[in-house]
Amino acid sequence: MAIARPANRRLDTDLEGVEHRDHGHLAAAEADLRDAAATERMFDRQLLAMTLPPATEAVARMLVTANEARARLTEQAATSTSLRQLRRYERRLDAANAPVEEAVRVIRSQLGLPPPETS
């Protein structure tokens, strides 16, 4: 929870910005996307540094793999040269959330933690 809460807040702020606050501002949206990718990678490093039960560690590694794929896609979206091009990434970015969210649910269940606040 100590690494998840701050990362989730930062991601929420970044992605909320892309969807709303920065909707008409390409440079601001790109900056938020780059920050989101950096946050995803920071979370992955912190998660992998934790000592977890073997079954949970296996799921954590799957989570990191899915999260890294999402971070790469987020970085690709951040290189968009127009708002129209950026919007084409929205469905793919949303779809990339599903395996991450599922792995998070499994890890929380295995560790006896409450479900995520948002999904």
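Trainee: How many helices and how many strands does the secondary structure of the protein chain come to?
Mentor: Good place to start, and keep in mind that this is a predicted model. Read along the sequence, the pattern is α-α-α-α-α. The count for the protein chain is therefore five helices and zero strands.

Trainee: Where in the protein chain is confidence lowest, and where is it highest?
Mentor: The chain as a whole has a mean pLDDT of 90, with 97% of its residues at 70 or more. Helix H1, residues 4-21, has the lowest confidence, at a mean of 83. The highest, at 96, belongs to residues 54-78, which form helix H3.

Trainee: Is H3 roughly parallel or antiparallel to H5?
Mentor: Let's look at the packing of H3 with helix H5, residues 90-111: their axes are 9 Å apart and the angle is about 160 degrees. Angles over 145 degrees count as roughly antiparallel. So the relation of H3 to H5 is roughly antiparallel.

Trainee: What classes of residue make up the contact of H3 with H5?
Mentor: Among the residues of H3 in this contact are Val 59, Leu 63 and Arg 70. H5 contributes residues including Arg 92, Val 100 and Ile 107. By class, the contact has two charged, six polar and 16 nonpolar residues.

Trainee: What is the radius of gyration of the protein chain, and what would a compact globule have?
Mentor: The C-alpha atoms fill a box of roughly 45 × 20 × 20 Å along the principal axes. For 119 residues, a compact globule would come near 14 Å. The protein chain agrees with that, at 15 Å.

Conventions:
Residues are numbered from 1 along each chain as its sequence is written. This is a predicted model: local features need pLDDT of at least 70, side-chain atom pairs count only at pLDDT 80 or more; totals for chains, interfaces and linings use all residues. Side-chain values use heavy atoms; hydrogens and water are left out. pLDDT is the predictor's confidence in each residue, from 0 to 100. Helices (H or I, at least four residues) and strands (E, at least two) are DSSP runs, numbered from the N terminus. Axes are lines fitted to C-alpha atoms, for helices over the stretch in contact, and angles run from 0 to 180 degrees between N-to-C directions. Angles under 35 degrees count as roughly parallel, over 145 as roughly antiparallel, 65 to 115 as roughly perpendicular and the rest as oblique. Contact means heavy atoms within 4.5 Å. Ala, Val, Leu, Ile, Met, Phe, Trp, Tyr, Cys and Pro count as nonpolar, Asp, Glu, Lys and Arg as charged, and the others, Gly among them, as polar. The radius of gyration is taken over C-alpha atoms; the globule rule is 2.2 Å times the number of residues to the power 0.38.
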